[in-house]
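I opened this entry to record what I looked up in the structure, topic by topic. The notes follow the order in which I consulted the model.

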Amino acid sequence: MQFESPKGHEETMERLVNRRMFVRRLLLPLFLLISSGHFIASSHAFVWGKNDPEGRVKNAKKYLTEYDFIVVGAGSAGAVIASRLSEIGDWTVLLLEAGGDETIWSDVPGAAKYQQLTEMDWQYQTEPQPGQCLGLKEHRCNWPRGKVLGGSSVLNYMLYVRGNRRDYDSWAAMGNYGWSYNEVLPYFIKSEDNRNPYFAQSPYHGVGGLLTIQEAPYRTPLASAFLEAGIELGYENRDCNGEYQTGFMIPQGTIRRGSRCSTAKAFLRPVRHRPNLHVAMQAHVHRILIDAHLRRAEGVVFQRKGKIYEIIARKEVILAAGAIGSPHLLLLSGIGDARHLQQVGVPVVHHLPGVGRNLQDHISGRGMVYLINETISLVEPRFFNLPSLIKYKQSLDGPWTALSGTEGLAWVNTKYADPNDDFPDMQLQFIAGSPISDGGKTLRHNDGIRDDIWDDYYEPISLEDSWQPIPIVLRPRSKGYLLLQSDDPYDKPLIYANYFQDEYDLKVMIEGMKIGLALSQTAAFQRFGSRFYDKPFPGCEHLPLFTDDYWGCFLRHYSTTLYHQAGTCKMGNSSDPMAVVDPELRVYGIAGLRVVDASIMPNVVSGNTNAPVIMIAEKAADLIKRSWLGYAG
């Protein structure tokens with residue numbers, strides 16, 4: 001295996017930092033100037049003052065010595081649960097977030113990719129393993145996770161997807177009472193304010209909730225081609241978050257008036273004046289305080305601005321730090337596999353071997369490029385410019401409102417799925433562009449594409465019009481794990497993704513590649529002259545094109561995360577030796593401690609995970625209220 005030299009890596013990182021600084025120093029100030037109204041007056045401007053429901057959350061300067069609840073992580077789950085628990089006026093809630101606040105720039109849907117590899121991103125990476133990430137630098141896949149108020153709902157591509165009803169019914173069948181589809185559907189609906197009038201009339205959707213859901217205002221002609229191509233292949237155009245999942249759709253996203261609607265904007269900003277809710281940003285939690293004799297969580301230890309704090313939780317500590325952060329904190333606190341904890345010098349508080357195990361992720365094939373003859377795709381110089389920016393601020397329309405290029409979603413069946421069952425095994429995320437659409441300025445670095453592969457394979461077609469159907473294995477059989485690097489809370493965990501460890505995942509992904517090829521051959525796409533860029537991929541030149549062996553090689557070189565890590569604090573009944581939390585999300589063996597985020601999923605859902613995580617937090621809030629009040633509150 002070949003790796004870049006440290007010097008080469010440092011030079012690459014220097015170029016990356018310089019590029020980010022260009023965005024910050026030139027384009028971001030220009031955007032702020034326009035946003036301030038000094039450059040143009042937006043027809044959508046309205047002065048609310050301190051009663052603005054989207055006004056910024058105040059960063060707490062002082063703390064109480066004790067709170068009823070301490071929530072760790074203000075992301076897709078933490079923001080929701082802090083908002084809901086603070087509805088009870090007699091309860092005090094402290095919400096701790098390691099990062100800072102959102103920016104005006106992160107509000108722009110079309111700028112999502114620019115949030116990665118910044119201070120708002122934890123910037124995790126997987127450990128090098130055979131047969132995965134081979135075309136990426138140091139054979140590591142980048143795993144961005146949100147380190148900001150709103151968490152990964154500030155970094156993601158805003159797609160609102162719930163998964164398949166059978167995902168949740170299978171959770172219940174494992175002994176997780178209360179988690180069947182019919183039981184969780186009301187919690188999806190509770191959050192939702194769906195702005196599509198047709199969907200709003202459906203029993204599967206809601207209006208009036210805190211989270212705004214709608215289609216992006218802007219789409220290229222390729223979006224319609226995608227739907228038409230689906231019909232040619234025998235699939236219906238439908239609401240895939242409704243009664244049935246199998247089919248093609250124009251995606252809905254967590255957007256509001258042309259801007260990102262993060263969980264911080266939706267759930268925290270409207271309640272920021274509650275006196276019983278304190279939000280502390282730049283607060284890095286080191287560990288959970290646990291009474292070893294009583295086996296009960298007592299509070300947390302965190303650092304902020306160089307000072308260490310110990311705060312007591314009278315009722316519960318709630319971990320909502322995500323599928324990487326929550327197991328990391330449990331391990332740092334002495335809860336996990338005893339042998340591993342002893343190896344890194346962490347005193348064992350409770351042997352719970354499932355912590356950090358069962359790691360699942362939706363791996364996605366990101367490298368395919370389909371070229372077209374017409375100038376209609378999202379080639380960056382066409383919209384990353386002053387006229388487009390002015391249009392965005394004037395009308396909240398145009399390419400800047402796009403869900404960062406995602407213009408279509410489909411759930412389809414490979415030959416391994418039952419075509420008569422509404423349980424597809426493949427998701428296609430249709431992009432009105434590809435890795436070449438920004439000329440190598442950002443996407444190649446976000447994914448970590450090796451320079452030699454970029455120069456050889458992608459640079460010759462850089463900035464040409466293109467599209468991409470990203471295939472995603474919905475129910476991966478390969479499962480990874482994470483470990484502590486040390487007992488230092490600032491050392492990132494070691495992440496072993498185990499992508500394609502089970503060959504079945506690779507076989508399903510290969511079939512997804514073939515479905516992408518079939519899309520390109522439909523009349524809908526042929527009218528644009530669609531054609532697969534068939535230059536042999538570096539490292540796979542020895543294999544015949546279009547064979548399964550070639551596709552497998554291609555995928556092992558350039559597949560990476562779809563940012564859907566889950567399962568590392570598995571929910572299960574007491575008979576499951578790898579379960580970390582019970583069906584009420586209480587950590588086994590430690591009282592006063594729950595986990596509320598994607599890590600509790602026994603199996604990752606068949607789709608994007610942000611909406612399910614919000615649902616989990618909505619349901620958890622009711623579970624907690626019933627525990628302490630006897631009713632949902």
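**Disulfides.** I began with the link of Cys540 and Cys553, which is left-handed, with -90° about the S-S bond. This pair joins distant parts of the chain: Cys540 lies in the loop between β24 and α16, and Cys553 lies in helix α16, 13 residues apart. The sulfur atoms of Cys540 and Cys553 are 2.1 Å apart. I noted that the model is a predicted one.

I then checked accessibility. Cys540 counts as buried because its relative accessibility is 0%. Cys553, at 12%, also counts as buried, since the cut-off is under 20%.

How many disulfides does the structure hold? I found two. The other one is formed by Cys133 and Cys141, with sulfur atoms 2.1 Å apart. Its S-S torsion is about -105°, so the disulfide of Cys133 and Cys141 is left-handed. Both Cys133 and Cys141 are buried. With the bonded cysteines numbered in sequence order, I recorded the pairing as 1-2, 3-4.

I also looked up Cys261 and Cys569. Cys261 is buried, with a relative accessible area of 2%; Cys569 is buried at 0%.

**Helix α16.** I returned to the helix that carries Cys553. Helix α16 spans residues 548-557, and eight of its 10 residues are buried, so the helix is largely enclosed by the rest of the structure. Among the buried residues are Tyr550, Trp551, Phe554 and Arg556. The buried residues of α16 pack against β17 (363-365), α13 (451-458), α14 (503-520), β24 (531-532) and β25 (559-561).

**A three-stranded sheet.** I traced an open sheet with the order β5-β6-β8 and mixed pairing. Its edge strands are β5 (192-194) and β8 (252-253), each pairing on one side only. Strand β6 (residues 211-215) pairs with β8 in the antiparallel sense over two bridges. I noted Gly253 in β8 as the bridge partner of Gln214. Helix α4 (residues 181-191) packs on this sheet and touches β5 and β6, its direction making about 60° with that of β5.

**Lys190.** Lys190 is found in helix α4. Is Lys190 buried or partly exposed? I recorded Lys190 as partly exposed, with a relative accessible area of 33%. Beyond its neighbours within four places in sequence, Lys190 is in contact with Arg84, Gly209, Glu618 and Asp622.

**Confidence.** The mean pLDDT of the chain is 93, and 92% of its residues reach 70 or more. I marked residues 1-15, where pLDDT stays under 50. Over residues 32-48 the pLDDT is likewise below 50. Where pLDDT is low, predicted coordinates should not be read in detail.

Methods: Residues are numbered from 1 along each chain as its sequence is written. This is a predicted model: local features need pLDDT of at least 70, side-chain atom pairs count only at pLDDT 80 or more; totals for chains, interfaces and linings use all residues. Side-chain values use heavy atoms; hydrogens and water are left out. Two strands pair if DSSP finds at least two bridges between them. Helices (H or I, at least four residues) and strands (E, at least two) are DSSP runs, numbered from the N terminus. Contact means heavy atoms within 4.5 Å. Axes are lines fitted to C-alpha atoms, for helices over the stretch in contact, and angles run from 0 to 180 degrees between N-to-C directions. Buried means under 20% relative accessible area, exposed over 50%, partly exposed in between (1.4 Å probe, protein chains only). pLDDT is the predictor's confidence in each residue, from 0 to 100. A disulfide is a pair of cysteine sulfur atoms within 2.5 Å.
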